[in-house]
Structures are given as structure tokens and as C-alpha cells.
Amino acid sequence: MPYLLLGIDDTDWEGGGCTTYVMYSFIKYLDKENHVDSIVGLPRLTRLNPYVPFKTRGNASLSVIIRVSSEDEARDHVELMESLIDQLTRKEGKTSPGIAYMVIDHAADINGKLVWFYGKSVRDVVTIDLAHRVANSVGAKLRGGRGVIGALASLGFMPRDATYEFIAYRSEGSERPPIDVRDIRLWNDTTKPFTFLNLDGEQVLIEPHGPDPVLFGIRGDSPYHVLAMGNYLASKYGAIGWIIYMTNQGTDEHRSRINEGIPYMNVNFISTVINESFDERGHAHLVLSNSQEIIAYRHLGISRNLSGCIGCLVHAWGGVKPNDKLNLYIEGMRTLHDRYVKVKNPRCPVCGGPMESIGRAGLLRCKRCGFKDKLPRIIMPRNRWLLINPRMSEYRHLMKPQERIGLEGLALYIPRPFLWVY
Ligand code: ATP
């Protein structure tokens, strides 16, 4: 039996909308028609390159794989999606919705070129022309504007690592109620480590602040944990409905191995820090020995860690802005070699007491027994092996939170819960 791969993107505008909501509405429609069981796995929420200039907010695109009995049925689904996009999207400003779809014989038979296109769209900037060329070569159809890029990319999401997000929606025009931090703390403790980025100290991180219809989102490595936490909060805070997506969020999928400054990409630099300064707004500016300037915004909360780095060999990664200096805006940094060393006197070889220097070149005397000799000093590295990550509230969608380390790939082995859309 054939499968329809259907992707969408760019349906939200500055003042509202959300592509996840369009996909949710589509799935609710299939649910009403009793077709929801023909969906394979969970619908997919794919975040693409966070540095592209065309995005409105989080650069999300969505796709779904549906078992169909004929090409006609596939066409009906595409037409339904098109009419929902028309109803739910205001084509204002940069908004330029697009759809991509194709019918394949086996659900796992996703063309390698499509997978490549997904990878490129997560890490680089691609053109609409390239999207059309890839679509032609893999037999996919594209409809609409710039959104066809993200829509096609989402079809190529063949996860090696993945996470889940439970997204709850609010009714149109309603205010987001403030979520009680005690609820989040309780559920965070209950579901840890299978949910992440719920709380930063006393700050609740699950509520967005934009004009979109999302009430809150719970992210995690297990669909059952996001379901338990999300379901409780959805009833308590009056959600009109919810859905669980499989996503590439929190997987570091946007990081590349590139080590030169390419605009709009996430790249790496390994070099020695030769200068550091803080501007009047508190942003840290480091200069590396290859003359590269790297900048850490104050709100990332890592400036204090950066001070005292001069002379250290570091690995820094982040996004490159397209100005003439191609500065790197850091997402993270680690020390590979710490320049600073501490020199200590050895203990007395006779009685084990502490030794002090007595002025003449290299001569040491034991404070306890008076033994004197020229002994080698002990050189100790400072061992400040930094691993710097921004504070939790500053994580971008694709950045892997430290809480996820060791859970990579787990999501792919957990079956879909019986209840995943409401
Ligand atoms: P959302 O609010 O749903 O999280 P967004 O509003 O930030 O996402 P979109 O409305 O999806 O962003 O718009 C992003 C646009 O950029 C889309 O048209 C998409 O096709 C396009 N796009 C996404 N990734 C790339 C890329 N790597 N290169 C070029 N264009 C891209």
C-alpha cells in the first residue's frame, strides 16, 4: 500500500499563526473522519537552520506520513491541507506558505537526496531553485511560495536522534494564563530526565511569549512522559486541544564540522584566546589568535565564565553573522588547554612537612625539621576545563541541552502512545 509524505511550512506571520497549528488542525480533521490510524508514527516537527534570515520565529516546518489506498486519496489529503492553509494563514510580510508531497511505496524508502536536502536546510541556506531540482529528481511535487523549501526538507527527516514535544493550544483571542511554577517543579521532578527545558530556577520555560496559538510545549525524550505532564497541565490550564510531535529539537542537528566563517551557518573555531573585553552592554568580545572575533551576548549568562580565558586554547561554536568581519556569535565553548599553571613547593622528603623557599636560587627549607635542599617544584595546571552553555532560558530550539546527554536515539525505540492527539 502506498504512503503519502506531506510537508508544510511558512504559514505563520508576524502577528499570529503557527505551522504546528495548521498540522494539528489537519490531523484533527482526519481524526473526525476516522482516518487517524492511517498516520504512520507521529507527525514530525522539524526545526531548520536557526540563522536563516527568512524565518519569523523558530523556523519550524512540519510533515506527516499517511498510508493511502490510492493516488486519489493522496490528492484529497493534499487538497484538504491546502484549504486549511488558506483558512488559517494571513499572507502578510514575509509569509509565503508552501506544500511538498510525494507518494512512495514503502514508508522507510525515503530517497537519499531528500535526506541530504533536509541536512542542508538544517545547517545551511538553500534556494527555492535547489528545492525544485531536488523535488524533480525524487518525484516530489511542490506548491506555493518560499515555504516549499522547509516543506520539502521536512520530508527528508530520517532521524538518528529525535525528541518529542507535547504542544497544547489555546482558544483564539484568549490570554495565556500564568503557569504555576510549583506545577512545573513537581512534574519536572517526576518526569526527569525524560523531559527537558521545563524550568530555569524560578522561571517557567514551557510557555511561548509570541502571538501564536500555542499555550505551552513540553519537550522530552519519551512520549509517555511528555504526555503525562502535558495532559495534566492541558486540563488545568484550559487547553482547547493538544498533539505530540516527533521532532529534531534539542539534537544539535544544526551544528556542522566546518571551521571557517561562513555566513548564516553554525561553525567551529579552535584557536587561542589572545584578547578579551566587555562592551558597555556587558557583551563579551574575545579575539582568537587567528584574528577571529567571537561574541557572547550578556543575556546568555556566560560572560563570567569567559573572563580569564586569555592564553587558553578553546573550541568555540555558534552562528556567523554576514557582516564584513564574519563574527561568531557563540552558542557554546570549551577549553581544550588551559594556559595557567600553579607552581607549588614539594613536601619535605624527610618528615613530610611543608617546605618554604629561602631566597637562594631554588633552595627549600622544611618548616618542621629544618631539612634544606634544592628540590624540583611541582607544576600544577589550573585545570579549569570550561564547558560553557547558555542559561536554559536562552537555548535555541535545536541546541542540545546538557540534560539530554546520554539519551540520544532513545526516542526512536519508544512506541507511539495510544493517545497522542486530542
Ligand atoms: P515558526 O514560527 O513556525 O517556528 P518561522 O516563522 O520562524 O517558523 P517560517 O514561517 O517557517 O519560520 O519561515 C521560514 C522560511 O524560511 C520558510 O519559507 C522556509 O521555507 C524558509 N527556510 C527554512 N530553512 C531554510 C534554509 N535553510 N534556507 C533557505 N530558506 C529556508
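Helices here are DSSP runs of H or I with at least four residues, and strands are E runs of at least two. With that in hand, the predicted model can be taken piece by piece, starting with the annotated stretch. UniProt, in an unreviewed entry, lists residues 6-141 as "domain: TiaS-like TCKD". That span is 40% helix and 18% strand, and its end C-alpha atoms sit 10 Å apart.

Next comes the ligand. Its surroundings comprise 23 residues, with Asp9, Asp10, Asp12, Arg57 and Asn59 the closest. Sorted by class, the shell splits into seven nonpolar, eight polar and eight charged residues. On its own the ligand would expose 640 Å², of which the protein buries 98%.

Then there are the aromatics, with nine pairs in the structure. In one of them, Phe166 and Phe216 are stacked, at 6.1 Å centre to centre and 5° between the planes. The angle counts as stacked because the cut-off for that class is under 30 degrees. This pair ties together distant parts of the chain, with Phe166 in strand β6 (residues 163-169) and Phe216 in strand β10 (residues 214-220), 50 residues apart. Both Phe166 and Phe216 are buried, and together with Trp242 and Tyr422 they make up one aromatic cluster.

Note on methods
Residues numbered from 1 in each chain as written. Predicted model: local features only at pLDDT ≥ 70, side-chain atom pairs only at ≥ 80, totals over all residues. Heavy atoms only, no water. Near = heavy atom within 4 Å. Areas by Shrake-Rupley, 256 points an atom, 1.4 Å probe, with all protein chains shown as cover. Nonpolar A, V, L, I, M, F, W, Y, C, P; charged D, E, K, R; others polar. UniProt positions renumbered as here; feature names shortened; annotations may be inferred. Phe/Tyr/Trp six-rings, centres within 6.5 Å; stacked < 30°, edge-to-face > 60°. Buried < 20%, exposed > 50% of the residue type's maximum accessible area, 1.4 Å probe, protein only.
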